[in-house]
Amino acid sequence: MSARMLPVPDGLDGMRVDAGLAKLLGLSRTVVAELAESGEILLDGRPAGKSDRLTAGGLLEVTLPDPASAVEVVAEPVEGMKILHDDDDIVVISKPVGVAVHPSPGWTGPTVVGGLAAAGLRIATSGAAERQGVVHRLDAGTTGVMVVAKSEHAYTVLKRAFKERTVDKGYHAIVQGHPDPTRGTIDAPIDRHPRHDYKFAVVQGGRPSVTHYEVVEAFRAASLAQIKLETGRTHQIRVHFSALKHPCVGDLTYGADPVLARKLGLSRQWLHAKTLAFAHPSDGRWVEFESEYPDDLATALRILQDEN
């Protein structure tokens, strides 16, 4: 990856980020939009969305992939990846742990798009080459249900649905301690951590981020929460519950207790994308999909339940 720092010229004042940067760098607007979505464009130190407006004299920081390190989709079967639904427009899968959604520089593990290619599934060609058909993502360490677009029409419709927040995303998380109140909304802006750029934090002036939660089962040292995401920021659930001093169990990056993690046999955060519901891009009918807990999360939950 290479970073470029550029002052915004007077001639681009008031232009959208995607249009202005496309002109400035000689890239397509689609490529610029993908960079913005990945958090690779900063304007005066803050992540810029593709439709944000440029201000003359502002400082742009753009991280571009090195041409030599261009990533390719390798068709490789993904152990444990289950196809929950497949039709002409979409494929819905249950993603296992340790699998990235698409290739990226430095990632050498399996990917969802590589697994779909190995299964002989053709997906939409919209989007950057290595993430074609991808309309939303889960962290490599987060399991659960996700949808990939197979047709160009589905890609366009689903991208808009995620942006307009008409998709119903339901997660389950086991968090340390007992959140009070047991049902509530966390409305706190998220941005890159001011000191550690590999993680995120609640930061004044960050991107608006809203998480709704309800505790459905309480244990001695932890709680099982049902979560609905209104926005979809990177690490959102992990960051919000860490800010409440109730990090996801096993999430050592965001302050979880390593002793409890070892006791429960967890090597990652207890967080699972449980349900996903949206208007089907072909005819608008409401469809819902659900993913079962994987073995490591089910075992940890059972240990907590047995202790109660």
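Which strands each supply at least two residues of the lining of the largest cavity? In this predicted model, they are strand 8 (168-176) and strand 14.

**The cavity**
- A search of the whole structure finds one cavity of 30 Å³ or more, and the space in the largest cavity comes to about 50 Å³.
- Its lining is made up of His136, Leu138, Val145, Lys169, Gly170, Tyr171, Ala273, Thr275 and Leu276, which divide into five nonpolar residues, three polar and one charged.

**Strand 7 and its partners**
- Strand 7 covers residues 143-149, and because seven of its seven residues are buried, this strand is largely enclosed by the rest of the structure.
- Strand 6 (residues 90-95) runs antiparallel to strand 7, and the two are joined by six bridges; among the paired residues, Val91 has Val148 in strand 7 as its bridge partner.
- Strand 14 (residues 271-279) pairs with strand 7 in the parallel sense, over two bridges, and here Gly144 stands opposite Ala273 of strand 14.
- Ala273 is also one of the residues that line the largest cavity, as is Val145.

- When its neighbours within four places in sequence are left aside, Asp139 is in contact with Lys95, Val99, His235, Arg238 and Gln269.
- His235, one of these contacts, is found in the loop between strand 13 (222-229) and helix 5 (236-243), and its relative accessibility of 14% means that it counts as buried.

**Backbone features**
- His235 has a phi near 60°, which is a positive value in a residue other than glycine.
- Arg165 likewise is a residue other than glycine with a positive phi, near 65°; Arg165 lies in the loop between helix 4 (152-163) and strand 8, and at 42% relative accessibility this residue counts as partly exposed.
- The peptide bond that leads from Asp180 to Pro181 is cis, its omega being near 10°, and Pro181 is placed in the loop between strand 8 and strand 9 (183-187).

Technical notes: Residues numbered from 1 in each chain as written. Predicted model: local features only at pLDDT ≥ 70, side-chain atom pairs only at ≥ 80, totals over all residues. Heavy atoms only, no water. Buried < 20%, exposed > 50% of the residue type's maximum accessible area, 1.4 Å probe, protein only. Helix = DSSP H or I, 4+ residues; strand = E, 2+ residues; numbered from the N terminus. Pairing = 2+ DSSP bridges. Contact = heavy atoms within 4.5 Å. 1 Å grid on protein atoms, 1.4 Å probe; cavity = no way out; pocket = protein on both sides within 12 Å on 5 of 7 lines; lining within 4 Å. Points joined across faces, edges and corners; volume = space filled by probe spheres on them. Nonpolar A, V, L, I, M, F, W, Y, C, P; charged D, E, K, R; others polar.
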